[in-house]
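Subject: Structure for you to look at

Hello,

Here is the structure I said I would pass on. Please open it first, then read the notes below it.

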Amino acid sequence: MDQKVLDAQKWVNATYANVAGYQACPETGRTGWSTMHALTMGLQHELGISPVVASFGPGTLAKLQAIGDIGFGWNANSNIVRIIQHGLFCKGYWGANGFGEYGAVTTEAVKLMRDDMGLPDGGAGTAGGQITPALFKCVLNMDAYVRVVGGTDEVRAIQRWLNGRYWQKSAFGIGPCDGIYSRDVQKALMTGLQYELGLAAPNGNFGPATQAALRTQNLGLGNSGVLVQMFSAACVFNSPVPSGTSAAGTPTTWRSTFNDTLVEWVKIFQRFSKLPDSGRADYQTWAQLLVSMGDADRPATGSDTRWEITPSRARYMRDNGYQVVGRYLYDPPGSTLDKEIKPGELETIFGAGLKVFPIYQDNARRLADFTYTAGYQHALNAHSLAVGYGFNRGTTIYFSVDYDATQDEIDSAVVPYFHGVAAGLAYNGKRYIHGVYGSRNVCTNVTKQTGARYSFVSGMSYGFSGNLGFPIPANWSFNQIKEIDITNGSDFFELDRDVISGADPGQSSVNRTAGPADGFISYLTRLLAIAREYGKGNPNQLVMEYVRHISYGGGDWDFLIGEYDGDFVNFANGKGMSVMEGFKDPYTGYELGAEHLMASANGHFVAWKPSNPRSVNEGDVAGWGGDLLTFYADWRHAVETYPSGYAFAMAKLAKVGVASSFGFNDLIEDADAWLLADAVRNQGKDIVTAVTDLYNGGGGLRRFQRYWDGRFNGNAEDAKFLAHNILTAADDKEVVAAQLGLVTVRGGIKTLPAMLSYDDLERLEQGFVDTLLARTGQESRMAATYRKNHDTYLRAARSRARAHKE
């Protein structure tokens, strides 16, 4: 609770309680939209507007413009001054020492806010610090003008630059300076760009005039100036780009000159977006950076449709370069669209050399369609239908969100719906994997929170709030960019054109009996037979050593978990074997690294100390512990953006679709490695049986619960103790060497975990524990509080403003 916020709430409620239309705000001492709306309604009453409404619209602005700027000594209406002062307090600025007079304290508070916004402070001394009508609107909104948790200084610098350059332009709205890329920031960039392009009527939309002007702006190496700043800003907003060269993705920085570094980043972005990698700011790249559909007329080899693919339509699609088509598993009762797959249609598609990906949609066009129960039932129905069509095990089914869901709706309904989908598919053995169709924001949230394998982005709905101010998800497989009408002789049908990433290639057949992990199992079966033929050592351990020996052998790994048997490696190579690098997890559809998996399993197999399960060992360093140490180094590199280790863990640790050195794949491999080692060491299984049971026998359905119960004793206290031990233990030479090697030598961080205060390190450890808990379907009190409050970023603004005053 903030006393100054409480004062504002009590005053505004008491003063305007009897005003027509007034809606009282809760008197909690916590700021929020209800408080800002109450102050806005109070302002409207003072301006003579009746009835008042909870919105700062054109009418309110016009009345303020009639008054003009308000500054030092203004005394025409003391309540208007009080509203400014209370608003400043709610924004985090020290608005006054007393209320009702626009004195020196209020003037300095406004100067500070204007500086935070990137605006001139209005003049020296008491001559400055004026509130213009546009700034009054900013005082009464929830925008933050200081960097908040998760924001970056790079984005904030661009926000301040945009505000400072265009704030007096009629079409430009002053935006936040919180370091967060958002819809408002995207619109501000677009509006500023339109001014620079010389458009007659800038409006922030990506219309024909903007498109035509951008086609003339092909920038490249050596160019400089404001348009390079605009282009570079758009690059920052779409950064980092997921890439195979960095677990954290490839970032870029804001600049005014198109140099070699920007050229290289643009090439990476173009390859990720499936554009020609020219390294230039050509029209297609501008469009891809600015709007969700990009260049809607660019080449596209993917498609989706509600229309049956007949032989003549299949031939047309093949002849016009299409490779894959999305088709619906289901058409709900009462629908007139007749969109489900028809008997014999899949054979027609395959016969034309096309592939298919299945879509499930049962209405899905309004908030009420999304509940956990609905998701569960839809998953059961989708599974039954997909089996009836013969879709192969491991196929991704895209469940639809076919409307512009807001963030609140995503959190309250869409995410629970997809949790239900995941549970329904798991009930049937996870034969199929869930993907998501929707806006960029829907896809990113559903992926991060429910483990959706791929995102089918509704990019052509570029006006959706969920497509503005959000980069394309890292796991995008299809991007729907344009709906077209096709006349094929006497036939007519409609087709949505989709750009494909290749992540999900689609299905080229049905009724295939092999599962995604069968190739890996066959490989291990051959390798185990050779290990037994070798006649020396433990055959299971030899298999683990062989698979890991190239990437996880020699040097530090010899010190950590022992040398691999080089003679066996030569023996197996002589039998025609080579290292298999990866395979697809049947339960999530994610590619798992076989080398890391077997290295971690090898570590747990040789280093387990059953006499003291609360002690860490070399096996932990080879698995979750090593990943946690590298994640600690990541946090320390990002500590200015994420001062709290807990917030960093909640944002980055083992989150699906989020680039991180401790990614979701890593957590799967860590869990599976421990389970495999346990099966071989304690249950008497050979490595092939253990792998078969895990990936084909249903053992992976509850992998995280089994891992939690087995390695972490099924309780948060032990898990936190183990996390603290791996980060700070000083009595195990292998663990200490790992701390130095992974944090300082490889991570570049001189501050080892043990050097931090207990409170600082404890938050990161709790984040690790809560991440594991979440994967078992549990939530700690701290995680629940964080989930509810992570958007209340004004606390950060208030803290900085108060510190500035003091």
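The side chain of glutamine 217 makes a polar contact, at 3.3 Å, with the side chain of threonine 216. Keep in mind that this is a predicted model. Glutamine 217 belongs to the loop that runs between helix 9 (208-214) and helix 10 (226-237). If neighbours within four places in sequence are set aside, glutamine 217 has contacts with Leu197, Leu227, Ala281 and Trp286.

Next, a pair of helices. Helix 24 (residues 624-637) packs against helix 29 (residues 716-728) at an angle of about 65°, and their axes are 10 Å apart. Angles of 65 to 115 degrees count as roughly perpendicular, so helix 24 and helix 29 are roughly perpendicular to each other. The crossing of helix 24 past helix 29 is right-handed. On the side of helix 24, the contact is made by Trp624, Gly625, Leu628, Leu629 and Tyr632, and helix 29 supplies Leu722, Ala723, Ile726 and Leu727. Sorted by class, this contact has 8 nonpolar residues, 1 polar residue and no charged ones.

Last, the strands. Strand 9 (residues 476-488) pairs with strand 8 (residues 455-457) in the parallel sense, over 3 bridges. Here valine 457 stands opposite asparagine 479 of strand 9. Strand 9 is also joined to strand 10 (residues 491-500), by 10 bridges, and these two run antiparallel. Glutamate 483 stands opposite aspartate 496 in strand 10. The hairpin of strand 9 and strand 10 has 2 residues between the strands, and in it glycine 489 takes a positive phi near 70°.

Regards

Methods. Residues numbered from 1 in each chain as written. Predicted model: local features only at pLDDT ≥ 70, side-chain atom pairs only at ≥ 80, totals over all residues. Heavy atoms only, no water. Helix = DSSP H or I, 4+ residues; strand = E, 2+ residues; numbered from the N terminus. Polar contact = N/O pair within 3.5 Å; in protein donor to acceptor, adjacent residues only side chain to side chain. Contact = heavy atoms within 4.5 Å. Axes fitted to C-alpha atoms, helices over the stretch in contact; angles between N-to-C directions. Parallel < 35°, antiparallel > 145°, perpendicular 65-115°, else oblique. Left-handed = near helix turned anticlockwise from the far one by under 90°. Nonpolar A, V, L, I, M, F, W, Y, C, P; charged D, E, K, R; others polar. Pairing = 2+ DSSP bridges.
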